[in-house]
Amino acid sequence: MNVPVSITQFAKQAKSLPLNKIIKSQDFKIKHLSEDALISEADETITPSNFGTELDYLTRFVMLADDYAFDLANIELKRYLDHGLITPVEFMRVINKEEKLSHLTENISEVDDIPDKVFRLALDICAWEVAFRTNRYIKPTVYPDRVTIKHMKVMMKRIEDFFDQFGWPTRDAFIASTKNGYLSGDGDYLLKKTLVDLKASNVTKMQSYWVRQLLLYYTLGFYNNYNKEKIDCMMIYNARTDMVFYIDVADIDQSVFRFINDTAEKQSVINEKLIKRMMGID
């Protein structure tokens, strides 16, 4: 049974949050930070999903010096260990990779100076973060080659320029959640009064799924007072196209947030009942 417990999963359910009851992708303003900026994913050796995950986590770990960047990966790694799905030796092998990654990046000041080995180690660690979100660990068999690494470095430098222009994060991996916690997620970055979701997609238009995802992060993270920061703007930054899609919170009718919050809370109650039933809990 597929229970949409994450914001990412729930945002894909278009029927639950139809655009005619929220806002449309056309409502977002667009800013091109550079022209003809699309970096093709055709020649890259890892999947677009793994590319995006690794880009996000290297940004947090290297650029923002976030010591907690791999917390979700470690939670899933420990769960596998506790359930006997991996051995203590396999557990320590990943922990050692994290320590090696820290050592390789501790004195990095420029993106171009990041050794190729970092990108291979990061993929191994990020596989556990993906497992946390999908409940399925898939061991990497293909790693970033020189072209893929070059693309990732270009995008990391674009992210750096984006932060220089719009403000550096005050927080990353902020939590958004319903009251009972059975529908939640962690958003990417908070700038000063701006919520930012990072993408590495080859599409050049705002996607309906992104709209729902962004609104859910705001509604379950700030409208419902889960976090106390004041958010004035919601933004998608697509590093692959170097494009920004943004909308001011004040331009969205409050009824939209009420609808999203009520819908999410109802789904969360359903999730709780389904999960407890599967676990044999009354």
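A residue counts as buried when its relative accessible area is under 20%. Gln213 has 4%, so Gln213 is buried.

This structure is a predicted model. Gln213 sits in helix α7, which spans residues 208–223. Leaving aside residues up to four places away in sequence, Gln213 touches Ile7, Thr8, Ala11, Asp197 and Lys199.

Now the whole chain. The protein chain has 282 residues, and 48% of them count as buried. Its secondary structure comprises 8 helices and 8 strands.

How does the radius of gyration of the protein chain agree with that of a compact globule? A compact globule of 282 residues would have a radius of gyration near 19 Å; the protein chain has 19 Å, so the two agree. Along the principal axes, the C-alpha atoms fill a box of roughly 55 × 50 × 35 Å.

Contacts reach across the sequence. Take those between residues at least 6 apart in sequence: 73% join residues at least 24 apart.

The protein chain exposes about 14,400 Å². Carbon and sulfur atoms supply 50% of that area.

The table collects chain values.

| Property of the protein chain | Value |
|---|---|
| Radius of gyration | 19 Å |
| Box of the C-alpha atoms along the principal axes | roughly 55 × 50 × 35 Å |

Key: Residues are numbered from 1 along each chain as its sequence is written. This is a predicted model: local features need pLDDT of at least 70, side-chain atom pairs count only at pLDDT 80 or more; totals for chains, interfaces and linings use all residues. Side-chain values use heavy atoms; hydrogens and water are left out. Helices (H or I, at least four residues) and strands (E, at least two) are DSSP runs, numbered from the N terminus. The radius of gyration is taken over C-alpha atoms; the globule rule is 2.2 Å times the number of residues to the power 0.38. Buried means under 20% relative accessible area, exposed over 50%, partly exposed in between (1.4 Å probe, protein chains only). Contact means heavy atoms within 4.5 Å. Accessible areas come from the Shrake-Rupley method with a 1.4 Å probe; for residues, only the protein chains shown count as cover.
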